[in-house]
Amino acid sequence: MTAVQPETSVSVPTASLGLTFKEAVGRRRSTRYYKAWQPVEREKIQKILEAARLQSCHGNAVQVRKAVVVHREKTDPDTFAELVDALYNQPQAAQAPVHIYWTIDLSGWDHLRDNLTELIDAGALTSSYGWSEQFIDEIVLKTPDFNVMAGERRFAEWLSAIETGLAMGAALLAAQDEGLGTQLLTGKRQKIADLLGIPDTATVAQIQLLGYSAEGTEAGGQRPRPDFEDLYFDGRWGTSLPRDPAVVAELIEAGMIQESAPLPYRRREIRALAAMLGLPD
């Protein structure tokens, strides 16, 4: 069955929601049903990428997180179909008007010295903390704990993956703030790299879908998460950090903690979405 696409060629600009940080965190969902017929404004895509670009990174100097933005309507249909196939033919991949293919590019470490010197010039790395070009050359670039490419390759890849994850996290929240649905998918990395001309220095990490959600804003409720006390420890591993009920109440009021899934109507919503988009019930 094919997805239902209402007849319209008019793009109605949609304002960002202007959420607080806590609201953006609380309202974020992995959107799995998109309005395939409604395009995403180019300025919103840029804002999402700007949020990722400005996210913290190692020494504020390394740029390993790079991405390819694919617009369904501007991509050769056969190529887009191959990309959807590389995403294991998940229906939402075909629905979403925009894909962002996030990569970890280890060549981003190549200009570490120049970037650190620029931070000295900007007053971010100061002489009062011992920073100088001599310190960079004699200590930083020779220390695997900082210049990870001088040490174990596996650690360099691991840290670079964290750097990319920070950017993707910011991009997810920015998409939520812009009133968009979004989700991360995995895929066949080598096939994607071949289709998009991604160099050998870069590894496809995850694929972010962007589009207007066909689901309600709650999308069935906030997803289950492990208990707070099972994740965080107080002073020593294994000693649970207490969760303050007053803080929980405050975060509920602020919109960060919301009603857990599944909301009572969720099954009916899924059936309605399946019927609208021509998907199995």
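Student: How many positive and negative side chains does the protein chain have, and how far apart do the centres of the two sets lie?

Tutor: There are 29 positive and 38 negative side chains in the protein chain. The centres of the two sets lie 5 Å apart. Keep in mind that this is a predicted model.

Student: What secondary structure does the protein chain hold?

Tutor: Count 11 helices and 4 strands. The C-alpha atoms fill a box of roughly 65 × 55 × 35 Å along the principal axes.

Student: How much of the protein chain is buried, and what belongs to its accessible surface?

Tutor: Buried residues account for 38% of the 281 residues. The accessible surface is about 16000 Å², and carbon and sulfur atoms own 53% of that.

Student: What share of contacts joins residues at least 24 apart?

Tutor: Take contacts between residues at least 6 apart in sequence. Of these, 80% join residues at least 24 apart.

Student: Now the strands. How do I read which way side chains point?

Tutor: Start with the general idea. In a regular strand, side chains alternate between the two faces of the sheet. Now look at β2, residues 98-105. Val98, Ile100, Trp102 and Ile104 point one way. His99, Tyr101, Thr103 and Asp105 point the other way.

Student: Are those β2 residues buried or exposed?

Tutor: All of them are buried. With 8 of its 8 residues buried, β2 is largely enclosed by the rest of the structure.

Student: Which strands pair with β2, and in what sense?

Tutor: Strand β1, residues 65-71, pairs with β2 in the antiparallel sense over 7 bridges.

Student: What else pairs with β4?

Tutor: Strand β3, residues 181-185, does, in the antiparallel sense over 5 bridges. Leu185 stands opposite Ile207 in that pairing. As for cover, 8 of the 10 residues of β4 (202-211) are buried.

Student: Which residues does Thr31 touch beyond its sequence neighbours?

Tutor: Leave out residues up to four places away in sequence. Thr31 then touches Gly181, Thr182, Gln183, Ser213 and Glu215. Thr31 itself is in the loop between α1 and α2. Burial is called under 20% relative accessible area. Thr31 has 6% relative accessibility, so Thr31 counts as buried.

Student: Turn to helices. How do I read directions along one?

Tutor: An α-helix has 3.6 residues a turn, so residues three or four places apart point the same way. Now take Glu23, in helix α1, residues 21-27. Its side chain reaches the backbone nitrogen of Thr20 at 2.9 Å. Glu23 also touches Ala254 and Gly255, with residues up to four places away in sequence not counted.

Student: What happens at the two ends of α10?

Tutor: At the start of α10 (residues 245-254), a side-chain oxygen of Asp244 comes to within 2.9 Å of the backbone nitrogen of Ala246. After α10 comes Gly255, with a positive phi near 90°.

Student: Where does Gln190 lie, and is it buried or exposed?

Tutor: Gln190 lies in helix α8, residues 189-196. Gln190 is exposed, at 53% relative accessible area. Gln190 and Thr203 are 13 residues apart in sequence, and their C-alpha atoms are 8.4 Å apart.

Student: Which peptide bond is cis?

Tutor: The bond from Ala261 to Pro262 is cis, with omega near 0°. Pro262 is in the loop between α10 and α11.

Methods:
Residues are numbered from 1 along each chain as its sequence is written. This is a predicted model: local features need pLDDT of at least 70, side-chain atom pairs count only at pLDDT 80 or more; totals for chains, interfaces and linings use all residues. Side-chain values use heavy atoms; hydrogens and water are left out. Buried means under 20% relative accessible area, exposed over 50%, partly exposed in between (1.4 Å probe, protein chains only). Two strands pair if DSSP finds at least two bridges between them. Contact means heavy atoms within 4.5 Å. A polar contact is a pair of N or O atoms within 3.5 Å; within protein, one must be able to donate a hydrogen and the other to accept it, and residues adjacent in sequence count only if both atoms are side-chain atoms. Accessible areas come from the Shrake-Rupley method with a 1.4 Å probe; for residues, only the protein chains shown count as cover. Lys and Arg count as positive and Asp and Glu as negative; His and the chain ends are not counted. The place of a charge is taken as NZ of Lys, CZ of Arg, CG of Asp or CD of Glu.
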